[in-house]
Amino acid sequence: MPIPVQRAETFYLPPPQLPADAWALVPPAERVFRWYEYRVQRRVIPPDSFVIGQRVWARINHNRWCVDCACGSAQVATPTDPRTACTECGLGWITVVFPDDPDAVEASLAALLPDDRNWIHPDDPGETWPAPTPPPPAAHEPLIAKEPR
């Protein structure tokens, strides 16, 4: 049996001193906050709202479903809870776009070594967070020539 692709629910596990099912009732996309809190030893509160109109594309990177944040951070995601929020910059919840059949994508990579398992969504525009478009230059009024003296 091949090593399965990592998802948030199998990647973000409780520390060893807690029972293995300690986070069983925590939704998978929120487990990153528990995991991060333990590692940085400070309280990190998940956001309570979505960033409307934004989405990010999931990809498989070295055998993990990943999503990237505009701040440069990234985290492991899961198709069972298609949302993400950043533990670094505090950006609110963003919708994550997964393929229609994540299990089929995982199966298509199963023959590869885990480090070679990489996949990008075919509809991903190639820019997780496109840079804002600069505003057009302001229209200048024509200069009025002064009458010669």
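A salt bridge here is a side-chain nitrogen of Lys or Arg within 4 Å of a carboxyl oxygen of Asp or Glu. This is a predicted model, in which local features need pLDDT of at least 70, side-chain atom pairs count only at pLDDT 80 or more, and totals for chains, interfaces and linings use all residues. Residues are numbered from 1 along each chain as its sequence is written, and side-chain values use heavy atoms, with hydrogens and water left out.

**Salt bridges**

| Pair | Closest N and O atoms |
|---|---|
| R7 and D103 | 3.0 Å |
| R43 and E37 | 2.6 Å |
| R83 and D81 | 2.7 Å |

R7 lies in the segment before α1 (8-11) and D103 in helix α3 (residues 102-109), 96 residues apart. Helices (H or I, at least four residues) and strands (E, at least two) are DSSP runs, numbered from the N terminus. Salt bridges with shared partners join R7, D103 and E106 into one network.

Buried means under 20% relative accessible area and exposed over 50%, with partly exposed in between (1.4 Å probe, protein chains only). R7 is buried at 14% relative accessibility.

Strands β5 and β6 (residues 93-97) run antiparallel and are joined by two bridges; two strands pair if DSSP finds at least two bridges between them. The open sheet has three strands in the order β1-β6-β5, with mixed pairing. β1 (50-57) and β5 (83-84) are at the edges with a single partner strand each, so one side of each has no neighbour in the sheet.
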